[in-house]
Amino acid sequence: TPRVFSGIQPTGNLHLGNYLGALKRFVDWQARDAETIYCMVDLHAITVWQDPADLQKSTRELCAGFIAAGLDPENSILINQSQVPEHAQLAWVFNCVARMGWMQRMTQFKDKAGKNAQNASLGLFAYPALMAADILVYHATHVPVGEDQKQHLELTRDIATKFNHDYGVDFFPITEPVIEGAGTRVMSLRDGSKKMSKSDVSDASRINLTDDADTIAKKIRKAKTDPDALPSEVAGLSDRAEAKNLVNIFAALNNQSVEEVLADVGGKQFSEFKPMLAELAVAKMSPITTEMARLMEHQDEIDKILARGAERARAITAPILRQTYDIIGMVPPV
Ligand code: TYM
């Protein structure tokens, strides 16, 4: 059976991109014959400074979001990264396997570090090695993510390959990135060439999981579009980034292919399509928002779920870390 692992950073609000590109697909994997492990990556979050109280709140909120979206803590293992120490321990080993040159090529580092890379944290630079450790400390086989994580997953494969080669073992699996469906690259509602992101200064560019129905409808109504009607074939979207994005969002929310959506809505104007999309988005998202708020009133239960998740996770990670240490020549404790 596949072993699925993925993670999300607990930094502020979840948006529609996180939901369609990641969370919704986590739920789909849970329904299959697979072992599923999902992580709030608080150690990744602190690669840029986080207010401690906000980080704690966001981590619990993210856990509430996971459950509200349909992840069942009895079925999936839900964990907070810092509570499973083997992630950070294996990351150190991978820091010694990965090459500086590999890290320098990471586009996310270049984007996040900006012009003054000398002032970025060492952790931000090493970020993808920790991500590789998250995955490989479980010997995970499948990693569902959005398109923007593709390069990090290629690096994970490089690290596994180099480790196996350097120590002459066949120990770490070469993981499959799973980037599929219409929601793996949700774009900004204001600019079809930019991805929807937490860090965009314009709140109108994204739909947050915490937005109420009126806000969602308003953001979709104001979303940038072109004046033409919707095409009835996929090829008709090729140079219409904004139109393509709204159709992709509709398809992903409604579990349809883009072809199926266009078969229904081809020929319609945006004045007609946007209210349909708003209605669908509200129908799919507001139950999650409501449930999240309810769960946040039971923080002690969230904390218990995370403690139980960590315990289940460590039954997997502790032996894999020990085997790794044996391979590289660390004297075991007696
Ligand atoms: P993060 O927290 O930036 O994003 C979480 C997930 O949401 C996806 N995503 C999107 N998908 C579609 N459209 C968008 N606009 C969009 N924006 C974000 C991301 O691709 C991701 O799947 N490094 C990771 C977290 C991580 C991880 C891991 C993931 C840490 N360790 C191990 C997988 C396996 C990150 O920062 O995601």
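A word on the model. It is predicted, so local features need pLDDT of at least 70, side-chain atom pairs count only at pLDDT 80 or more, and totals for chains, interfaces and linings use all residues. Residue numbers run from 1 along each chain as its sequence is written.

Helices (H or I, at least four residues) and strands (E, at least two) are DSSP runs, numbered from the N terminus.

Next, a record. An unreviewed UniProt entry annotates residues 10-18 as a short sequence motif, the 'HIGH' region. Such annotations may be inferred rather than shown by experiment. In the model, that span is 33% helix and 0% strand. Its end C-alpha atoms sit 11 Å apart.

Now the domains. Domain 1 takes 3-178 + 298-328, and domain 2 takes 203-294. Those bounds come from an automatic or database domain assignment. The two centres, taken over C-alpha atoms, are 30 Å apart. Their contact uses 10 residues from domain 1 and 10 residues from domain 2. Contact means C-beta atoms, placed from the backbone, within 7 Å. On the domain 1 side, helix 1 and helix 3 (52-68) each supply at least two residues. That side holds 7 nonpolar residues, 3 polar and no charged.

Last, a helix pair. Helix 10 (residues 241-253) packs against helix 11 (residues 258-265) at about 110°, axes 9 Å apart. Helix 10 is therefore roughly perpendicular to helix 11; that term covers 65 to 115 degrees. Axes are lines fitted to C-alpha atoms, for helices over the stretch in contact, and angles run from 0 to 180 degrees between N-to-C directions.

Who meets whom? From helix 10, Val247, Asn248, Phe250 and Ala251. From helix 11, Val258, Val261 and Leu262. That contact has 6 nonpolar residues, 1 polar and no charged.

Key:
Angles under 35 degrees count as roughly parallel, over 145 as roughly antiparallel, 65 to 115 as roughly perpendicular and the rest as oblique. Two residues are in contact if their C-beta atoms, placed from the backbone, lie within 7 Å. Ala, Val, Leu, Ile, Met, Phe, Trp, Tyr, Cys and Pro count as nonpolar, Asp, Glu, Lys and Arg as charged, and the others, Gly among them, as polar.
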